[in-house]
Amino acid sequence: MTARVRDPREIRHWHEAVDVLVVGLGAAGAAAALEAARAGVDTLVLERAGGGGGTSAMSGGVLYLGGGTALQKACGFDDSPEEMFKYLMASCGESPDEAKLRLYCEGSVAHYEWVVAQGVPFKEVYYHGVSGEPPTDDGLVWSGSERVHPFHQIARPAPRGHVPQLPNQAGPLLMRKLVAAVESSAARIAANHRCVALVQEPDGRVVGAVAEVFGEERALRARRGVILTTGGFINNEEMIAAHQPLVSRCSFRVGAEGDDGSGIRLGIAAGADAIHMDASSISLPVTQPWGLKRGILVNAQGQRFINEDAYYGRLGEAALFHNGGHAWLVVDDEVFERPDYPRDIAAVGGSPAELERELALPPGSLESTLALYNRHAERGDDPVFHKLPEYVRPLVAPPFGAFDCTTERSLYAAFTLGGLRSDPDGRVLDPDGQPIPGLFAAGRATSGLSVGGYSSGLSLGDGTFFGRRAGRSAAARS
Ligand SMILES: Cc1cc2nc3c(=O)[nH]c(=O)nc-3n(C[C@H](O)[C@H](O)[C@H](O)COP(=O)(O)OP(=O)(O)OC[C@H]3O[C@@H](n4cnc5c(N)ncnc54)[C@H](O)[C@@H]3O)c2cc1C
């Protein structure tokens with residue numbers, strides 16, 4: 001294995017010297033490169049693939065933004081940075097980075113304007129009924145758990161999923177526009193350049209990188225800084241097994257080939273801290289269409305474990321991390337609908353008792369869960385998990401069915417949330433919290449805003465917002 005850190009004295013020939021070297025051209029890398037170039041410094045972007053895009057170009061394109069953006073206002077929704085902050089602080093997992101969240105919420109309105117200024121179009125129409133990318137080209141959706149328990153009591157809800165104007169999957173459009181903006185900026189792009197090492201002075205300063213280009217190494221000097229924007233590590237089996245053994249069980253890995261943790265490992269080799277490496281976004285998209293939120297999710301003990309109207313990213317985390325990936329969505333004949341995403345029916349029964357037997361649940365468990373649920377549902381109530389009344393109705397019409405939501409036999413979509421520890425200016429920190437001079441990072445290569453309890457759009461929002469900040473601070477370093 002080649003060393004991930006090289007001493008500058010080993011470099012016989014620098015092939016090129018620039019001010020800022022950005023490694024990886026996804027959404028975070030594009031944002032970093034644009035801001036560095038616009039600050040007037042010589043900027044080069046290395047991309048291991050034949051062109052930019054990364055996972056960002058495969059994505060739904062949803063950006064989690066708010067605080068009263070022009071799009072929210074045009075669609076008739078009231079929001080404020082404070083309400084957005086309260087929601088994100090409550091929903092983004094245990095101990096999210098408060099300083100980053102604060103800046104993100106305060107800067108969100110201006111960041112939306114910046115995204116629009118890069119040529120990304122948004123149609124000023126709200127789409128009701130999906131949790132994430134809509135089937136139309138409408139611009140605003142709910143993309144988290146803002147409207148439901150317990151968050152609607154903590155912060156005034158507002159839809160914050162900002163979707164570029166392309167039906168179904170807007171990530172390709174977002175990246176076409178961002179890469180085009182980079183191409184027409186002063187920044188240069190070097191495709192087919194895989195960064196394999198950082199160059200670091202013995203005193204800790206990162207002064208360049210080594211890239212492999214068709215089997216040959218090129219040494220690139222970076223006078224002001226190197227910015228790692230290489231994505232997460234969902235496609236690195238070893239890292240997943242070490243940090244997230246439960247996630248190894250998820251069949252659908254949400255990430256391009258480049259999400260192999262290379263940037264995180266380069267940073268660690270240079271002395272960086274990596275945090276929240278056990279955090280993942282786990283989507284269990286079984287309540288799309290929303291009518292299926294009227295079903296109940298039960299575990300291997302036949303017990304409910306969450307309000308089913310929560311965002312499906314929350315359902316997945318609760319099912320996998322807290323219930324061992326044993327879950328079924330139980331519906332009756334009235335509530336039954338085909339889920340939008342493929343999902344098998346695990347069992348059907350003429351009565352709750354028969355369904356329970358078919359699912360091999362403990363005798364009486366599902367029966368009593370349904371009896372309790374139905375007793376309160378008669379009055380539109382859910383005193384146990386506080387599901388919204390619009391999704392609460394008794395499940396009494398046979399036959400009863402259960403959608404398979406077990407991890408091994410159904411669709412769980414997973415990607416990693418942890419990574420390099422960075423400050424709000426994108427400076428990569430060591431385990432003592434000290435910046436490693438000359439080393440910056442953004443996007444999924446870092447531990448981002450959400451460290452659990454994901455809302456859709458936080459990756460692209462976080463990556464572009466803090467990518468821009470990293471680009472500016474690297475450019476400003478003398
Ligand atoms: C199907 C799907 C839907 C999604 N929907 C959404 C959504 O709607 N909203 C949202 O916020 N998130 C969504 N996500 C998640 C989101 O797309 C990613 O988390 C996000 O794009 C990460 O951005 P990034 O810039 O950090 O990394 P990437 O976009 O992955 O970019 C990293 C780039 O670095 C390159 N690279 C990697 N290693 C090296 C190296 N050593 N040298 C040089 N180059 C390197 C890669 O080739 C890649 O081009 C979705 C993901 C998928 C797959």
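This is a predicted model: local features need pLDDT of at least 70, side-chain atom pairs count only at pLDDT 80 or more; totals for chains, interfaces and linings use all residues.
**Stop 1: the pocket.** Select Glu317, Phe321, His322, Gly452 and Gly453; of the 23 residues that line the second largest pocket, these lie nearest its centre. Now colour helices H3 and H9, the elements that give two or more residues to the lining. Which of the elements gives the most to the lining? Helix H9 does, with 6 residues. Coloured by class, the lining shows 9 nonpolar, 10 polar and 4 charged residues.

**Stop 2: helix H3.** Next select residues 81–91, which form H3. Show the side chains of Glu83, Met84, Phe85, Tyr87, Leu88 and Ser91, which are buried in this helix.

**Stop 3: H3 against H4.** Keep H3 and H4 and hide the rest. The two helices pack at an angle of about 145°, and their axes are 9 Å apart. H3 passes H4 in a right-handed crossing. On the H3 side, select Pro81, Glu82, Met84, Phe85, Leu88 and Met89 to see the contact. On the H4 side, the contact residues are Glu98, Leu101, Arg102, Tyr104, Cys105, Glu106 and Ser108. Sorted by class, this contact of H3 with H4 has 8 nonpolar, 1 polar and 4 charged residues. Met84, Phe85 and Leu88 of H3 take part in this contact and are also among the buried residues of the helix.

**Stop 4: H1 against H12.** Bring H12 back and select residues 27–38, which form helix H1. At what angle do the axes of H1 and H12 cross? The angle is roughly 35°, and the axes come within 7 Å. H1 passes H12 in a right-handed crossing. H1 brings Ala27, Ala28, Ala31, Ala32, Glu35 and Ala36 to the contact. From H12, select Leu460, Gly463, Thr464, Gly467, Arg468, Gly471, Arg472 and Ala475. By class, the residues of the contact between H1 and H12 divide into 7 nonpolar, 4 polar and 3 charged.

Methods: Residues are numbered from 1 along each chain as its sequence is written. Side-chain values use heavy atoms; hydrogens and water are left out. Buried means under 20% relative accessible area, exposed over 50%, partly exposed in between (1.4 Å probe, protein chains only). Helices (H or I, at least four residues) and strands (E, at least two) are DSSP runs, numbered from the N terminus. Axes are lines fitted to C-alpha atoms, for helices over the stretch in contact, and angles run from 0 to 180 degrees between N-to-C directions. A crossing is left-handed if the near helix is turned anticlockwise from the far one by less than a right angle, and right-handed if clockwise. Contact means heavy atoms within 4.5 Å. Ala, Val, Leu, Ile, Met, Phe, Trp, Tyr, Cys and Pro count as nonpolar, Asp, Glu, Lys and Arg as charged, and the others, Gly among them, as polar. On a 1 Å grid over the protein atoms alone, a cavity is a set of points where a 1.4 Å probe fits but cannot get out, and a pocket is an open set with protein on both sides within 12 Å along at least five of seven lines; lining residues have an atom within 4 Å of a point.
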